[in-house]
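Hi there,

Here is the structure I promised to pass on. Have a look at it first, and my notes follow below.

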Amino acid sequence: MAMEKVYTRTTGIVKDMVSGFCPGCMHGTVHKLIGEVADEMGRANDLIRAEGIGCCGLGQKYVTHDSAICLHGRACAAATGIKRNEPDSLVYTYQGDGDLASIGLGETMLAANRGENFTVIFINNGIYGMTGGQMAPTTLLGMKSTTTPNGRIAEEHGYPIHMSEIINQLTAPYYIERTTCADPAGVRKTKSAIRKAFEYQAAGKGFTFVEIVTSCPTNWGLDPISALDFIKEKMLPEYPLGVLRDKGKEE
Amino acid sequence: MAKGKVEIRIESCKSCGYCVKFCPKGVLAIGENVNQKGYQYVVAENPDDCIGCAQCGQVCPDAAIEVYREA
Ligand code: SF4
Ligand code: SF4
């Protein structure tokens, strides 16, 4: 009986390397998906990554393409320069919620507002991972973190911030979608969202934004499987999935 | 005869259990042995039931599983 290989480890991550991410961490999943999309587009050698500060730094040597570690929060500014100088490359920022929605909020919004022709991969797990589980702008109300030991309180800490919806208020962005990696269907959807964003970028359409709701089992204090339930029961009601904007469909 | 087959990269597995949870055929299980990093890696406990759907590979954050299917 002849067997055909139907699922292959992407060339976008180093062949024999084990990532530094925690067990169940979906940074690994998303790194893999970016590589798979580039493989399928035949563009694996054209990727350039502008990465934020945070756990994503563990991915820097894990990916096989060029990568710039940007000042905290400034990945969208760096990606602007990279893409304008390397217009034929596929440029993406890879940023967590602390990086993109707090420290780098200005850079994120302004790059989106200019309609810069690159893709933002925004990992929303509701917490600062690398620095030790502090509250992020995306932390849910009532959610405990090291800086909100009694849970986030709106009166003291404000509300969870919805980046996709905020960016959807701007005129320039071309494509905005929120997905999750909490189950196989979600992983496949995330992959097709990244594919769409990269295709639009390759066609010169402008700013594309993919927000991916993921878990941080380590800082949530949950095992990876329980963290999947937390995503579904707690995160997704606050961060509903779907395409917020697709100008390609309007044209 | 199995319609599919998985190849597990033992050293990449971190024992998160996603593949076990999402395999529709109950093929996979967390094994008893540990890899060099100390994780109890996944094994194909019921390999004959594998249909090669690749769901396990897709959800594995650590790209530890490659999948084959009857052509
Ligand atoms: S390919 Fe499908 S049936 Fe086979 S082990 Fe993976 S998830 Fe299970
Ligand atoms: S999904 Fe991957 S890392 Fe997690 S238990 Fe299965 S093989 Fe191991």
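Of the 251 residues in chain A, 55% are buried, where buried means under 20% relative accessible area, exposed means over 50% and partly exposed lies in between (1.4 Å probe, protein chains only). Before you read on, please keep in mind that this is a predicted model, in which local features need pLDDT of at least 70, side-chain atom pairs count only at pLDDT 80 or more, and totals for chains, interfaces and linings use all residues. Residues are numbered from 1 along each chain as its sequence is written, chains are lettered from A and ligands numbered from 1 in the order in which they are written, and side-chain values use heavy atoms, with hydrogens and water left out.

Chain A

Chain A has 10 helices and eight strands; these are DSSP runs numbered from the N terminus, with helices being H or I of at least four residues and strands E of at least two. Its radius of gyration is 17 Å, close to the 18 Å that the globule rule gives for 251 residues, so chain A is as compact as a globular protein of that length. (That radius is taken over C-alpha atoms, and the rule is 2.2 Å times the number of residues to the power 0.38.) Along the principal axes, the C-alpha atoms of chain A fill a box of roughly 50 × 50 × 35 Å.

If we take contacts (heavy atoms within 4.5 Å) between residues at least 6 apart in the sequence of chain A, 69% join residues at least 24 apart. The accessible surface of chain A is about 9900 Å², and 52% of it belongs to carbon and sulfur atoms; the areas come from the Shrake-Rupley method with a 1.4 Å probe, and for residues only the protein chains shown count as cover.

Helix α1 of chain A covers residues 26-41, and its end C-alpha atoms are 23 Å apart, which agrees with the 22 Å that its 16 residues should span at 1.5 Å a residue (the expected span is 1.5 Å times one less than the number of residues). In α1(A), 14 of the 16 residues are buried. Just after this helix, Gly42(A) takes a positive phi of about 70°.

Where the chains touch

Glu4(A) sits in strand β1 (residues 3-7) of chain A and counts as partly exposed because its relative accessibility is 46%. Leaving out residues up to four places away in sequence, Glu4(A) touches Val67(B), Tyr68(B), Arg69(B) and Ala71(B).

Chain B

Chain B has two helices and four strands, which run β-α-β-β-α-β from the N terminus on. The radius of gyration of chain B is 11 Å, close to the 11 Å from the globule rule for 71 residues, so chain B is as compact as a globular protein of that length. Its C-alpha trace spans about 35 × 20 × 20 Å along the principal axes, and 51% of the 71 residues are buried.

Two backbone angles in chain B may interest you. Ser15(B), in the loop between β1 (4-8) and α1 (18-22), has a positive phi near 65° without being a glycine, and it is partly exposed at 24% relative accessibility. Ala54(B) also is not a glycine and has a positive phi of about 75°. Ala54(B) lies in the loop between β3 (40-44) and α2 (55-59), and is buried, with a relative accessible area of 4%.

Best wishes
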